[in-house]
Structure formats: structure tokens, C-alpha cells
Amino acid sequence: MTDSAQIHFHVPFLTGRERGYIDEVFDNRRFSGNGPFSQRCQRWLEDYTDAKFALMTHSCTGALELAAMVAGLGVGDEVILPSYTFVSTATSIMRTGATPIFCEIDPATMTMDLEDAARRITPRTRALLPVHYGGVGADMKAVMALAEKHDLKVIEDAAQGLGASRHGEKLGNIGALAALSFHETKNVHCGLGGALLINDASLFERAENIWERGTDRSKFFKGLVDKYSWVELGSSFYPSELQSAFLLAQFEGIDEGAEQRASLWNHYHEGLAPLEADGLLHRPVVPEDAVTNHHCYWIRLPTPAHADDVRKQVNARGISVVIHYVPLHGSTMGQRLGWRPEDLPKTVHSAGSLLRLPVHQLVGEAERARVVETITEVVRDVV
Ligand SMILES: *Cc1c(COP(=O)(O)O)cnc(C)c1O
């Protein structure tokens, strides 16, 4: 059935300028991190996102763990997050001893259902952890209003959010803290990497100490103390200069990558409109007050069984389409925490019905046409 070459689901983005910066790291002879390239990445992020401070991390998982520590979460605290997310969103909370409380998503955007989140607030709730899915921001106006009403901290999981905005505010610049990912599956990357954005300036000193393995080393560098020592519980969070050098080249090429993604995303969106008009699938909704970074393109079939059939048939024709998160509350670990799959029925149904399409630099004119054509044929046959 394969009529031409395989179209892969993902191929990491490259600008072609990464190697040049890596050579400069050799010239600098500074490798271990928090050097010139890491600091340039931090300044770039602060400019680009409007966040007050950025600290580079080895991953978004690291940035989320750092955020949970900086937020002062601990045993007995509860944090509300969507079940439809990557495991790190939940494990970052649990590492501090706090308890993740899963909520439903709105299937239109696959982001936090705020009414359901509000219902789960208790006297123990300390924070909200919305996830910006596929480059579309959660409803941050509603998140911030809810947080203010109940005096909660907001940590954004902006792993997929760089370059997108909601209500005119850049993602990652809205909550007190936000975590970004530069894993190779994201729009810009350095293999593995991440960053913590800090918008509540009162948290910065603590964040920097925890990031510096629990020492006040940064004060030492700024000449504020004459030796540095252990001041609180921290860990090793930052990436090496090699990663930051690679990442800086990606940052500088972000617009070029964004244009390619937008064009592909729009091609899929227009090409699949007739299937939605005929009631055969749902396309992603980008709310009017949201600007997407086109991180992923997804379709939602009427049922999980339809999605399974479509995925197998499209894959058999040489186009890799993939599912996304298995909701955390119904996973082995989620069930060990006392959850049952039927606790969040809307999440289970929409997660199981969703498929992601290839979005990367190697999907050219011919490939994008083939994707739309193949999906159209298969969906009209299956649904
Ligand atoms: C990719 C991702 C993460 C984890 O990022 P790493 O950099 O791989 O640790 C966390 N949350 C979400 C929503 C993600 O998409």
C-alpha cells in the first residue's frame, strides 16, 4: 500500500548554524554551564517572553521540579493539573511530597477545564498547574482569576508554548513560574534542555540558590559575598554550554521555523475542513484571543475506536500519525494513587480519540498534499 517514501511523524528542527556556536564553546574553553552561551540564552528568553528572569535547565522536567521547590510545595499540599499531560507535570509536584489532583480538559483545545478545576479546590490546594497544549495557551485569564480568589500560586507548563500567547500575553509570562522544554520534539531544542521563567521577582533569589545546587554561589559571582556556602536544599539543574550554544542558534532561527510550521499547519487545517463540515472529525480550536505557535496539528475522531482504525490505516500507507498522552489518572501510577479511569470520562474519551499529524521541516508540498489526501480517504472510509 505504501505509494512513496515514509513520512515520519517528527524530525528535529535545524537551522544549520548550530555547529558554528559549538565551535565557539571550544574557543571559550568553558563547558560546564552558566557560561556566556547559557547567559545569552537567558537574556534572549527574557526579551522574547517578557518574563522577568530566566534560568536555563537540563530539561523541562528539571524546570518543573525546580518550580515546585521554589513554590515551596510540600507534604499535605494539593496542586490541580490536567490529567492529559506528560508525566513530569505530575512527578514534579510529587517530588516535594505534595499531591497531584487531576482535572478534566476542554476537548476543543485539550487544555484545563476551568470549571472542573474550580470544583476540585479544597483548603489544602496550594497551586494550579495549567498545561499549554500543542502551542495553544490554557485560558490563563480564568486560571489567574481562580488563583487570585483562592490565593493559589500558578505554575505554567509551557513546555510546548514558546512563541505563543493568550489574551495578548506571552505564554510563560503569566503565572508566577513557568517551565519551558527544549527537548528535540519541541519547536526549538538542544537535544535535551529547558528553562524556568520567573515572573514573581520575590521568588528569584530562592530560585537561583536552588538552581545553584542549594548554594548562594550566584551572590559570590556578583561579588556580594566573599565565599559561597550551602543555604538550602537544591540540586543540579543547568545544561552544559554545548547545549546552550546549540540552543542559541535555534533561538536565532525561531522565526524561520515558525513560518514553516504555520504554513504546514494552515494547509492541514484548510485541507481537513470538509471532513469537519461533514461531522467526521474535529479540528483543533484556536480561541480568538490566542496566538498559536503551531507546535502540533491534531485531529479528534468521534470515538477512540475510530482513532485506532484511522491510525493503523494511515500508518500502513506510510504516514506516521500518533496518539498523544495516555491520561495520567488512569495510568498504572495514577491508579496506585487511588484514581480510576472513569473518574475523568471526558479526558479519557477525547485523549483516546486524538491523533497527531507530522509537523516538521521535511514535510514539503508533495508530502503535505499526500497527508491530507490519505487522511481524507481513510476517515471517509472508517467513520
Ligand atoms: C515535553 C514536555 C515536558 C517534558 O519536557 P522535557 O524537556 O523532556 O523534560 C513536560 N510537559 C509537557 C507538556 C511537555 O510537552
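Arg-29 is placed in the loop between H1 and helix H2 (36-49), where helices (H or I, at least four residues) and strands (E, at least two) are DSSP runs numbered from the N terminus. Its phi is near 55°, a positive value in a residue other than glycine. With a relative accessible area of 71%, Arg-29 is exposed; the classes are buried under 20% relative accessible area, exposed over 50% and partly exposed in between, with a 1.4 Å probe and protein chains only. The model is a predicted one, in which local features need pLDDT of at least 70 and side-chain atom pairs count only at pLDDT 80 or more, while totals for chains, interfaces and linings use all residues. Residues are numbered from 1 along each chain as its sequence is written, and side-chain values use heavy atoms, with hydrogens and water left out.

A positive phi is also found at Arg-213, near 60°, again in a residue other than glycine. Arg-213 belongs to the loop between helix H7 (204-211) and helix H8 (217-221) and is partly exposed, at a relative accessible area of 38%.

Helix H1 (residues 18-28) contains Phe-26, which counts as partly exposed at 48% relative accessibility. Together with Phe-31 and Leu-242, Phe-26 forms a nonpolar patch on the surface, with about 260 Å² of accessible area for the three residues. Such patches are made of residues with over 30% relative accessible area and no salt bridge, like charges being joined within 9 Å and nonpolar side chains (Val, Leu, Ile, Met, Phe, Trp, Tyr) within 5 Å. Accessible areas come from the Shrake-Rupley method with a 1.4 Å probe, and for residues only the protein chains shown count as cover.

The next topic is the strands. Strands of a sheet pair through backbone hydrogen bonds, either parallel or antiparallel. Strand E11 (residues 194-198) has 5 of its 5 residues buried, so it is largely enclosed by the rest of the structure. Both of its faces are covered, with Gly-194, Leu-196 and Ile-198 buried on one side and Ala-195 and Leu-197 on the other. Strand E1 (residues 53-57) runs antiparallel to E11 and is joined to it by 5 bridges; two strands pair if DSSP finds at least two bridges between them. Phe-53 has Ile-198 as its bridge partner in E11, and Met-56 has Ala-195. Because 4 of the 5 residues of E1 are buried, this strand too is largely enclosed by the rest of the structure. Strand E10 (residues 177-181) also pairs with E11 in the antiparallel sense, over 5 bridges, and Leu-177 stands opposite Ile-198.

Elsewhere, 3 strands form an open antiparallel sheet in the order E9-E8-E12. Its edge strands are E9 (169-170) and E12 (290-291), each of which pairs on one side only. Strand E8 (residues 165-166) pairs with E12 over 2 bridges, and Arg-166 has Ala-290 as its bridge partner.

Side chains of opposite charge can pair when their charged atoms come close. The whole structure holds 22 salt bridges, each being a side-chain nitrogen of Lys or Arg within 4 Å of a carboxyl oxygen of Asp or Glu. In one of them, Asp-289 and Arg-166 meet at 2.9 Å, N to O. Asp-289 lies in the loop between helix H11 (273-277) and E12 and Arg-166 in strand E8, so the pair ties together parts that are 123 residues apart in sequence. Arg-166 is buried, at a relative accessible area of 7%, whereas Asp-289 is partly exposed at 35%. Another salt bridge joins Lys-170 to Asp-50, with the closest N and O atoms 3.6 Å apart. This pair links distant parts of the chain, Lys-170 being in strand E9 and Asp-50 in the loop between H2 and E1, 120 residues apart.

Finally, there is a ligand, surrounded by 14 residues, the closest being Cys-60, Thr-61, Gln-160, Ser-181 and Lys-186; a residue is near a molecule or strand if one of its heavy atoms lies within 4 Å of it. Polar contacts are pairs of N or O atoms within 3.5 Å; within protein, one must be able to donate a hydrogen and the other to accept it, and residues adjacent in sequence count only if both atoms are side-chain atoms. A ligand oxygen is 2.8 Å from a polar backbone atom of Cys-60, and a ligand nitrogen is 2.8 Å from a polar side-chain atom of Asp-157. An N or O atom in the side chain of Lys-186 lies 3.0 Å from an oxygen atom of the ligand. Of the 390 Å² of accessible area that the ligand has on its own, the protein covers 93%.
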